[in-house]
Amino acid sequence: MGQLKVTLCAGFAAVAATLTPTAYAANPAGGVAVIPAAPAPGHEVALEATGCSGRKATAESHAFVSPAHLVGSGGSLSGETRVRTSIGPGSYEVTVTCADLEIRGAVEVVAASARPSTPESPVAPVMAGGGGAAPLPAADESRVAGPGLAHAVTGLLLAGVAAVAVVLRGTRRRRGTE
């Protein structure tokens, strides 16, 4: 995982942890926070573990698609994973394995709603620029003026210089061959 991606994940988890109520009570030995506290199957969750002295840890649960790799420093590690789409509602244990200890927490999976509150992908075209996404010009803006007087004079001067060069070259050739 790139350093920028890890930094963004850690920043997201830190902001989410301060703005969202956490799923555990204060535990001086450490704890596991799952954000959102009650995800539905198929949703992504951010995890934050406190109490680890190392810089890396792994969070595992039967509710997760794959183990979450947590990174950070200062006793707070964060990462993200996805809840299995095939899992039923209920409470599932989360185990974070650090270098020096094992921290346990829980995630409460809720039943999937018939329709998600926010779509997971864009539902309309995205104006990303280029190609057909560029806005069309107005009718007045699309008319381009043709060459003006300055262009005509410049063209005639260049044609005259070219004609003089051809004549001079022809006369030099004739002198050299006679």
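**Ground rules.** I number residues from 1 along each chain as its sequence is written, and side-chain values use heavy atoms, with hydrogens and water left out. Since the model is predicted, local features need pLDDT of at least 70 and side-chain atom pairs count only at pLDDT 80 or more, while totals for chains, interfaces and linings use all residues.

**Entry 1: the sheet.** I began with the strands, which are DSSP runs (E, at least two residues) numbered from the N terminus. I found an open sheet of seven strands in the order 1-2-5-4-3-6-7, with antiparallel pairing. Two strands pair here if DSSP finds at least two bridges between them. Strand 1 and strand 7 each have a single partner strand and stand at the edges, so one side of each is left without a neighbour in the sheet. From one strand to the next, the twist averages 25°; for this, axes are lines fitted to C-alpha atoms, and angles run from 0 to 180 degrees between N-to-C directions.

**Entry 2: strand 6 and its partners.** How many bridges join strand 6 to strand 7? I get eight, with the two strands running antiparallel. A hairpin of four residues connects them. Looking along the pair, I see V94 bridged to G105 in strand 7, and G90 opposite V109 in strand 7. Strand 3 also runs antiparallel to strand 6, and three bridges join them. Here A59 has V96 of strand 6 as its bridge partner.

**Entry 3: the core.** Next I looked up the largest nonpolar core, which has 22 residues. Such a core is a set of buried Ala, Val, Leu, Ile, Met, Phe, Trp, Tyr and Cys residues joined through side-chain atoms within 4.5 Å. Buried means under 20% relative accessible area, exposed over 50%, and partly exposed in between (1.4 Å probe, protein chains only). Which members touch the most others? They are L70 and V96. At least two core residues come from each of strand 1 (31-35), strand 2 (44-50), strand 3 (56-60), strand 4 (68-73), strand 6 (90-97) and strand 7 (102-109). I then listed contacts of V96 (heavy atoms within 4.5 Å). Not counting residues up to four places away in sequence, V96 touches several residues, including V32, A49, L70 and I103.

**Entry 4: salt bridges.** My search of the whole structure gave three (side-chain nitrogen of Lys or Arg within 4 Å of a carboxyl oxygen of Asp or Glu). One of them pairs R82 with E44, with the closest N and O atoms 2.9 Å apart. R82 is in strand 5 (residues 76-82) and E44 in strand 2, so this pair ties together parts 38 residues apart in sequence. R82 is partly exposed at 30% relative accessibility, and E44 is partly exposed at 45%.

R104 meets E93 at 3.0 Å, N to O. E93 belongs to strand 6 and R104 to strand 7, eleven residues apart. R104 also forms a salt bridge with E102 (2.7 Å, N to O). E102 is partly exposed, at 44%. Shared partners join E93, E102 and R104 into one network.

**Entry 5: T81.** Is T81 buried or exposed? This strand 5 residue counts as buried, at 8% relative accessibility. I found its side chain reaching the backbone oxygen of S66 at 3.0 Å. Leaving aside neighbours within four places in sequence, I listed T81 in contact with H43, E44, V45, L47, F64, S66 and A68.

Conventions. Polar contact = N/O pair within 3.5 Å; in protein donor to acceptor, adjacent residues only side chain to side chain.
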